[in-house]
Amino acid sequence: MSGGAGAAERTGGGVAGEAPTVGRASRAGGNPTGQERTGQERIGHEPAGRELATAKTGNRPEGGNDPEAADSSGGLDRSLFRYIWRHSKRDQILICAVVLASLPLYFASLDLPRRIVNEAIQGHAFEKGNETAKFLILRLQVPDWFGGERLLFPGFDVDRFELLFGLSSMFLLLVLINGAFKYWINVAKGALGERMLRRLRYQLFSLIMRFSPDALRHTKASEVATIIRDEVEPIGGFIGDAYILPAFLGTQAATAMTFILLQNVWLGLLAAGVVGVQFVVIPRLRRELLRLGRQRQLASRRLAGRVGEVVDGIAAVHSNGAEAWERAEIGHRLGSLFDLRLRIYRRKFMVKFLNNLLAQMTPFLFYCIGGYFALKGQLSIGQLVAVIAAYRDLPPPLKELIDWDQQRLDVQVKYEQVLQQFLPERLLGLDAPGRDESLCGRLAVEGVGVQEPHGPVLTNVSLALPLPSVIGIVSDGGPAASTFARVLARRATPTSGRVTLEDHDLAEWSGAALTRRIAYAGVDPILFPGSLRENIVYGLNRRPPETAETDAKVLAEARRTGNPVEPFPADWTDYAQAGVTDAAALDALVLDWLTRIGMGEEVYRFGLLGQVDPERHADLAARLIEARTAFRERLAAEGHAHLVEPFDPARYNRQATVAENLLFGVPTTTALTGRALAEHPVVRLVLDRTGLADDLVTMGERIAATMLEIFRGLPSGHPLFEQFSFLSADELPEYEAILARRTATEASAERHGTSAFERLRRRWIGLGRYGSADATRLIALPLAYIEPRHRLGLIDDAFRERVVEARGQLRAALDEAGMGGVDFYVPDKVCAAAPLRDNLLFGRINQSVADAVETVTATGTALVQEMQLAPAITRVGLDHQVGPEGRFLSSTQRAVVSLVRALIRRPDLLVLDGALSPLGEARARTVLGLLLERFGRENSLVVVLPNDRVADRFELVLRASGTAIQGPERPRGQAASPGEAGPGAGVAGPAAAVSGHAGGETGPEPARVEQDVKA
Amino acid sequence: MTLETEVQSLRQVPMFREVDPARLKLLAFTSERVHFADGQRFFDRGDAADAAYLILEGEAAVTLDGPQGPIRLALLGANALVGEMGILADQPRSATVTAVTPTTALRIDRRVFLELLSQFPQIAIAVMRELAHRLEMTNQQLAQMRTG
């Protein structure tokens, strides 16, 4: 931590406002008064580290390490090739060099077979009666003026067999070497492409973060997601080949071309002409193809956007009965996509046809014209054959080159399309380092106006506010109040005028500093999938951990691709900003706020349903076991022991399902959950071995028959099905058929016996189709059966004993299979997969006793209170998942989460723009009271009010009317004048007592921090 | 005791006498069987009417609180249906019902019951018939009181 402060000092005040904090920190560090000071010292130090972090991010706001990414277009070049070259020239050149280096060896491997045949097998090397020949003569070819050829190694003397084996071994060696080259080149090309793809995707994502509000209004989330996921994918595939392929193939083709030209100029020119036509005409034809391709890309992107929209608004689609309309709309889009595709195909294959035609035309011309020259004696037959042979080598590389060209155009179009979405004018400017001072003093709004597409919302607002203070903005029902609040929160940019603090334009502040110092909670809380805790501390995820334990390889890779090098996943929480030292204290602080705002009870309930990780909550896990026993004793003492049937490894639990009794634990994989259990091979093995399978089939049969009997006649989709039936409506016919097959098979078996021949005969006449699949379907049914609840009279004591027996076998078999998947119930251990409540109860409530649940819950609650488990349980509740967009929470809960998220950051200025309205009037009033107590001393609070019912509780009140904001006025009962206000001077009422040191000091206030932590 | 015995009990209730056995089985299956200890309340006067109860075993007393303690209005035995008027009229409980011996009852959930009524006219007609019958009884009693 002192390292952080030291580093900040070394950076030498690169950021304004850093110096005083550091100074204070070092003063605190030098203070020898011990224990009591350490808290302050830490808190004093942390902001220094934080400032440092801000300074760092200020310099490279993309968070990556790529300076180019910071230019105005975010590091994206207009041309794909320039982009590729800029970021991968080193790799491209390296791979090219390796490709060139591999060529001689490749040619050698082509040449060797000739030598094997000629010299070794046919014996040309031994022609002059030589017994032996030289093998492996190494010569160095140097220009004549340098002494001509020089012999490096005279070679071995070998006989014919040795030469054969020697040359063959060399051939094998070359094959291996070429293979290795190829492998390396492919991997390098692949890695190159993927690296560029990673860089591109990351840059695009960084650019999305910089979208201007105007661009965001026109952006559909699913379309941008499609761009980053799908549209850049082929670009990555192409990048590996972008330079290497044309270089490689081009040389190859040029060699062949030169060869032909050397043989005969006319024929060479002819070939060159045809190639020229191919290269000139075909791209022209392809231009239309490109246009279509562009259209197709846009259309399919819009399709993705549209599908995303429909999914997001599916509730509205259902409630308006617009399914048919939406289907037709999508159908129409698919139709035009098909049409586009078809046109593309027609064109594409037409071009291909032309291409092939031209390629085939040339040999015809060669034979025709070359033959003519040969007959005339201007060309030898040998030359003609050589030319034709050379020309045969020309098409494959040419074809590949043309394919490459096609791909290039395609990818270039895609790249340009992507670029269109990320034009510099759609982006906000980069965050430059600037001031970072506490937002205290005279805040002046000078002629601020906001223009929306449909007209002006604010015009020429000028007023002055002394900060810190608590300010209410009374809305007149129009958007002005909310817009003004958003201007103050920097969520909206004024189109004219400026906002200054102590005569410094707020634009001088660094963006990072302002977002840290200002918090805004609006009407629509934005929640991310994750736990309650993650959502609440989201605003504290600002400090990359300093201990980089990351793999050096991973780091190097990130550097190469301009990606961020900060470790992830890791703890990014800036505890100092919340004024705490560690995660536990932060949790306590979060819970304190949640309780004050009135969500404590709900989080406690989340906790009861949450899971206890014995490693993370070791203490709670141990106490749960203790509580489990205490619970049982307490119930017995109250005479309620019969209300709960405990889990006992040696007994069948009558209140639990058959499946639960069989597994005696909680499944952690879907393969062992619900009906899937019947299909699990290990489970089936045990069921068959213990003979339970037959019992279960019989039970399933009875259940299916009963369900068929009593649910017949209910329309499918009826709520009773879902609530009560073992079968869904559309399964009824299926099970009816299974039952019919089984009855027929059994009847036949009774009559004719069960010999193999009979089984065959039954199958032959179509009866024997009842088989193991049907049995599995039947076994699936009784798995959810609970005798006291369903009362079909299917379970007897013998069955229970067998299940308990099978339970042990199943556990052994699952352990043996080593697949895991079940968290077994063990009386003195916490079952991590089960909800906390079940771990406490460790049994099932006897539902058939009236009011059993209420009685047991009351006992449990009393016990939790007595053992003081509630705080720990509530902490588990913070792990509760909020679902996509927080949909698992109520709108009130979402609003509370959003509010606490803003509060926990202890901003200098908190702006609430309708954030309290989902709480309901009474609760909103309580919460407001709470906030008014807390704010106004060092931190300011701005609240948009729907009416002036509570306006008199604020120090200052602004009123919106039309596009103007009037005020500030001081409501009745508030003293002092708001006009000339030094920092902290406008504080009234009880706040004045503690406002002594509120002045120009920056950073969080230790006294207040401690107060928060204790609370 | 299984679903079958409950169906037998349901058939003893005048309201359900005419109803198809498969439907009664559905009614029984979608209901819960609950045990009440001696003295345990089924419901109190003024509670929301969320279910009707069919007594399968044991006895329950219907009482009203009077100034000198509870006044017993009736004692219900096996196969008696109680609380059905409350769920049909959607009114709070008009009296308190308490088990006087350990009692087993079939708890017919209000929502499920109404669902069945709307789905199967046969049940609805049976209920109407029973209610009309009761109304007529009341009318007769009223006439007797006037004349008597």
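Q: In what sense do strand 7 and strand 17 of chain A run, and how many bridges join them?
A: Strands of a sheet pair through backbone hydrogen bonds, in either a parallel or an antiparallel sense. In this predicted model, strand 7 (residues 470-474) and strand 17 (residues 956-961) of chain A run parallel and are joined by four bridges. Within that pairing, A:I473 stands opposite A:L958 of strand 17 of chain A.

Q: What is the strand order of the four-strand open sheet in chain B?
A: In a regular strand, side chains alternate between the two faces of the sheet. For chain B the order is 2-7-4-5, with antiparallel pairing. Strand 2 (41-43) and strand 5 (69-76) of chain B are the edge strands; each has a single partner strand, so one side of each is left without a neighbour in the sheet. Neighbouring strands of the sheet are turned by 35° against each other on average, direction ignored. Strand 2 of chain B pairs with strand 7 (residues 96-99) of chain B over two bridges, in the antiparallel sense. There, B:F43 stands opposite B:V97 of strand 7 of chain B.

Q: At what angle do helix 9 and helix 14 of chain A cross?
A: Two packed helices are described by the angle between their axes and the distance between the axes. Here, helix 9 (residues 244-263) and helix 14 (residues 395-421) of chain A have axes that come within 9 Å and cross at roughly 150°. Helix 9 of chain A is therefore roughly antiparallel to helix 14 of chain A. The crossing of helix 9 and helix 14 of chain A is left-handed.

Q: Which residues make the contact of these two helices?
A: Helix 9 of chain A contributes A:L245, A:P246, A:L249, A:G250, A:Q252 and A:A253, while helix 14 of chain A contributes A:P397, A:L398, A:E400, A:L401 and A:W404. By class, this contact has eight nonpolar, two polar and one charged residues.

Q: How many residues does each chain bring to the contact between chain A and chain B?
A: The size of an interface is often given as the accessible area lost when the parts come together. Counted by residues, the contact takes 13 from chain A and 15 from chain B. On the side of chain A, helix 25 (692-711) and helix 26 (719-724) each supply at least two residues. The residues of that side divide into nine nonpolar, two polar and two charged.

Q: How far apart do the C-alpha centres of domain 3 and domain 4 of chain A lie?
A: They lie 61 Å apart. In the domain assignment of chain A, domain 3 covers 249-426 and domain 4 covers 441-527 + 909-997.

Note on methods. Residues numbered from 1 in each chain as written. Chains lettered and ligands numbered in written order. Predicted model: local features only at pLDDT ≥ 70, side-chain atom pairs only at ≥ 80, totals over all residues. Domains from an automatic or database assignment. Contact = placed C-beta atoms within 7 Å. Nonpolar A, V, L, I, M, F, W, Y, C, P; charged D, E, K, R; others polar. Axes fitted to C-alpha atoms, helices over the stretch in contact; angles between N-to-C directions. Parallel < 35°, antiparallel > 145°, perpendicular 65-115°, else oblique. Left-handed = near helix turned anticlockwise from the far one by under 90°. Pairing = 2+ DSSP bridges.
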